[in-house]
Amino acid sequence: QPDVMAVSDVSGLVLATAGRREADWPTQTPGPQRHDRDQIVTLPSGVFRRVTAPLALQDVEVGVLSLATAMDDEYVKKVSALSGASTLVIAEGQVVATTLVPDAAKDLTPTTVQALPASDTVTLGGAEYAIRLVFQTGPAAIYTLDSIDAAVGPVVRGAMSVMPWLAAAAFAIAALASVWT
């Protein structure tokens with residue numbers, strides 16, 4: 001469900017708006033490029049993912065219908081629920097919203113954010129995360145980050161709980177072999 005539904009004329013003048021965030025939508029918007037009907041729009045009120053469709057009357061374009069979703073805390077919570085991983089929204093090099101734990105989020109410095117597109121993993125808050133780019137357009141991007149440490153932790157703990165038994169068995173076999181020879 002979009003947060004904003006707006007109708008504008010061909011010059012970009014917004015004629016009508018509706019939705020949860022309609023008050024955040026400007027009265028004048030740049031028209032979408034013909035080849036790019038899905039884009040990220042950065043406004044003073046926040047970052048929105050906008051999908052547009054032309055409105056035509058007898059083959060003459062008379063306006064644009066815009067459906068926009070705010071890329072805010074509510075949005076990242078929904079993406080995280082669907083993906084099962086933490087979500088991060090970045091626009092123009094700044095963190096817009098994230099579901100990362102606070103210790104990890106505080107490590108998202110401008111240098112770290114700038115390095116994300118070229119990375120497969122990143123260390124945040126002392127934990128290593130796998131990174132996946134979900135969507136990028138212009139200066140905005142959505143990433144999912146999954147903690148490698150959290151995924152490997154149960155396996156390592158299980159292996160470590162078995163190690164004393166393996167060590168005891170190895171000593172018993174060694175002792176039996178030394179008595180036998």
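A salt bridge here is a side-chain nitrogen of Lys or Arg within 4 Å of a carboxyl oxygen of Asp or Glu. By that criterion arginine 20 pairs with aspartate 72, with the closest N and O atoms 3.2 Å apart. The structure is a predicted model, in which local features need pLDDT of at least 70, side-chain atom pairs count only at pLDDT 80 or more, and totals for chains, interfaces and linings use all residues. Residues are numbered from 1 along each chain as its sequence is written, and side-chain values use heavy atoms, with hydrogens and water left out.

**Salt bridges**

- Side chains of opposite charge can pair when their charged atoms come close.
- Eight salt bridges are found in a search of the whole structure.
- Arginine 20 also forms a salt bridge with aspartate 3, where the closest N and O atoms are 2.9 Å apart. This pair links distant parts of the chain, 17 residues apart: aspartate 3 lies in the segment before strand S1 (4-9), and arginine 20 in the loop between strand S2 (14-18) and strand S3 (38-43). Helices (H or I, at least four residues) and strands (E, at least two) are DSSP runs numbered from the N terminus.
- Aspartate 3 counts as buried because its relative accessibility is 8%, whereas arginine 20, at 47%, counts as partly exposed. Buried means under 20% relative accessible area, exposed means over 50%, and partly exposed lies in between (1.4 Å probe, protein chains only).
- The bridge between arginine 20 and aspartate 72 has its closest N and O atoms 3.2 Å apart. It joins the loop between S2 and S3 to the loop between S5 and H1, across 52 residues. Aspartate 72 is buried, with a relative accessible area of 18%.
- Arginine 21 forms a salt bridge with aspartate 24, at 2.3 Å between the closest N and O atoms. Arginine 21 is buried at 12% relative accessibility, while aspartate 24 is partly exposed at 28%. Salt bridges that share partners join Asp3, Arg20, Arg21, Asp24, Asp72, Glu74 and Lys78 into one network.

**Helix H1**

- In helix H1 (residues 73-83), the residues Tyr75, Val76, Val79 and Ser80 are buried. They lie on the same side of H1, because they cover an arc of only 135° around the axis; the arc is that of the directions from the helix axis to the C-beta atoms.
- Lys77, Ala81 and Leu82, on the other side of H1, are exposed.
- The cover over the buried residues of H1 includes strand S4 (46-57), S5, S6, strand S7 (94-98) and strand S10 (140-147).
- Glycine 84 follows H1 and has a positive phi, near 80°.

**Threonine 87**

- Threonine 87 sits in strand S6 (residues 86-91) and is buried, with a relative accessible area of 0%.
- Beyond its neighbours within four places in sequence, threonine 87 has contacts (heavy atoms within 4.5 Å) that include Val76, Val79 and Ser80. Other contacts of threonine 87 include Ala97, Leu100 and Ile142.

**Leucine 67**

- Leucine 67 belongs to strand S5 (residues 60-70) and counts as partly exposed, at 33% relative accessibility.
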